[in-house]
Amino acid sequence: MADQTSDQGQAIEALFAEKRTFAPAPEFQKTAQWKDPAVYERAAKDFESFWAEQAHRLDWFEQWKTVLQWDDARKAARWFDGGLINASYNCLDRHVDAGHGSQVAFAWEGEPGDTRTFTYAELLAETCRLANALKELGVKRGDRVAIYMGMVPELPAALLACSRIGAIHSVVFGGFSADSLRDRIQDGSCKALITQDQGWRRGNKILLKNIADDALKASPSIEKVIVLKRVGDAVDWTPGRDHWYHDVVARQSDKCEPEKMAAEDPLYILYSSGTTARPKGIMHTTGGYLTGVSSTHQYIFDIDPSRDVFWCTADIGWVTGHSYIVYGPLANRTTSVLYEGTPDFPDKDRFWAIVEKYNVTVLYTAPTAIRTFMKWGPEYPKRHDMSSLRLLGSVGEPINPEAWIWYSEQIGGGRCPVVDTWWQTETGMIMLSPLPGITKTKPGSATFPYPGVFADVVDQSGKSVPLGGGGYIVITKPWPAMLRTLWGDHERYLATYWSKFGHLGYYFPADGCKRDEEGYYWLLGRVDDVMNVSGHRISTMEVESAFVDHPMVAESAVVSKKDDITGEAIAAFVTLKGGGIGSKEDADNLRKHVASKIGAFARPKYITFTPDLPKTRSGKIMRRLLRDVMENRPLGDTTTLADATVVKNIADLAQSSPTEE
Ligand code: WT7
């Protein structure tokens, strides 16, 4: 476990500088879904009953027999066992059947400015056609389907089509490289892939099909590929394997019987970075997951489906999109905006133009985006009438109080509650957040666990730390949307999340946390070797192995450095074969190489060439010291180093020859 106490000391100082608190406004409270704090006590008294009540929000083909069965030895939860359910049915059919077929599910805005609207009836029909196409191509219940697309409306339809026929989707973010896509396809032995010709990003074309073709050179499990035409440029074609979406989907029936799935049948796998180079296939199941995302979406974002227009700006390739673009909002019959592109195309006011155009009422975005908007200045939001907004959400990394206040004032006009939501790919649903009609917020704090979620802050030994103190956040009881395992590797699941405090029954998220005297939780960032760059989770080991894959590189050590915009930036220390100091051009080539191995979002910002890395006598790289070097802090304890002069040299090198992008 990395020792990040010095990093956290700084984080805490910055957090507690802002003293203002924000109680729910009476006008907001008047119509709020939840305004009575008794919901916390009710859920605490009997959390299984609370979650059973939430599960009744959904339509079940067959009611469950037991709410929760917990196998403590295997850390295996079974929620709503005996229940039969289908996720796509709950997201689509039941709303259409109830007479809401003409309500907009997604108002889609393409990056070039083209638009399409999908009503619930249309999304149901498209989902059924795609589901029938998958069946025709041989995809069966339990098969894995990889999805590698941009933010087009067929993407949510693809997730829903899989869930309709009981296939397990594995979405790979469209910014990942061919190698990353291949690794994920191989790990899940996916049978089919849904992709598109090219995607739009900041006016450039992302060659999705090309990259996929590269990945498929070493993905023997893939039998069929469905290719959506989005941009229109020619693509290479493998006859028999590749099928155009418009050929194979359009001619299908728009009716497809939803499979009756057991509550604990897998819904999807989503890969996330861990502390090794190999990504972890986080597996979510159906009934509990849908219960968790539907409940949290409705009450944290205070959704009234007949009033709200919800916009979560995440990409569906990450868990935020799975839970709060697709499954949560659709289960709640929400009208959502879906946007294909970046916030600065064609100009830096694009987000605010979209808010105005679609009358967005609830906006859910990331601190890194907010800090970027701060840097661009208030003139961009000021160009637009954003009076439709009534609530703002934040997710992905700790939000600094300054950004929180800016968001509240410049975007929310001082009238919108801000909900800072803490959770992870593994938790599936938001775990800590204010309830906007109940909670007095403090800028920088995710406040309290959601009703029915139980957390604590503990020290190294697992002992609860009294209010006012800091340590590790732990989750002390199972929750319905929790991951069930890592795909094909339950031992790694046990080792990663349950070896630290599992003997106490605690789930370990690997985040540092402080609780103040009033019991508010202040999340302080990761305590393992995982970086958070612009809300993207990247493992130091993954980047290191991309470096050493380059023929010039002998060894590398990667740490994060605090960054005003991206939260953290990637800082690499690289030793070249032969021990020389590389040029600026070498650094740029290495950056390109890392981007091609992982994805552009993993490009290292800083590279320092060094003849040696600081290691313990047993050969372990001391990343803590490298972080001290990058933050210009006095070096911590160096007594365990094999050779203490190494780190002094590195500090000089980082000062004298920093290669910064
Ligand atoms: C890690 C999870 C949750 C969806 C997006 C990221 C950090 C996330 C917050 C927040 C402080 C946060 C944590 C967590 N994180 N939200 N509101 N305040 N930290 O999902 O890629 O699984 O990353 O993101 O460090 O462990 P993810």
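Predicted model: local features only at pLDDT ≥ 70, side-chain atom pairs only at ≥ 80, totals over all residues.
Student: How far does a polar side-chain atom of R526 lie from an oxygen atom of the ligand?

Tutor: Residues count from 1 along each chain as its sequence is written, and side-chain values use heavy atoms, without hydrogens or water. A polar contact is a pair of N or O atoms within 3.5 Å; within protein, one must be able to donate a hydrogen and the other to accept it, and residues adjacent in sequence count only if both atoms are side-chain atoms. For R526 and the ligand oxygen, the distance is 2.9 Å.

Student: How much of the ligand's accessible area does the protein cover?

Tutor: A backbone N or O atom of G396 lies 3.1 Å from a ligand nitrogen. An N or O atom in the side chain of N532 is 3.5 Å from a ligand oxygen. On its own the ligand has 560 Å² of accessible area (Shrake-Rupley method, 1.4 Å probe), and the protein covers 96%.

Student: How many residues surround the ligand?

Tutor: A residue is near if one of its heavy atoms lies within 4 Å. The closest are D420, T421, T425, D511 and R537. α12, β20 and β25 each supply at least two shell residues; helices (H or I, at least four residues) and strands (E, at least two) are DSSP runs, numbered from the N terminus. The count of surrounding residues is 17.

Student: Is E109 buried or exposed?

Tutor: E109 sits in strand β4. Buried means under 20% relative accessible area, exposed over 50%, partly exposed in between (1.4 Å probe, protein chains only). With a relative accessible area of 5%, E109 is therefore buried.

Student: Which residue of strand β17 does E109 touch, and how accessible is L338?

Tutor: Contact means heavy atoms within 4.5 Å. L338 lies in β17, and the residues it touches include F106, W108, E109 and I325, not counting residues up to four places away in sequence. L338 is buried, at a relative accessible area of 1%.

Student: Which residue takes a positive phi just after α8?

Tutor: Helix α8 has buried residues A178, D179, S180, L181, R184 and I185. Those residues pack against β6, α9, β14, α18 and α19. Just after α8, a positive phi of about 30° belongs to S189.

Student: Over which residues is the pLDDT below 50?

Tutor: The chain averages a pLDDT of 95, and 98% of the residues score at least 70. The stretch below 50 has 16 contacts beyond near neighbours in sequence; it covers residues 1–6.

Terms used: pLDDT = per-residue confidence, 0-100.
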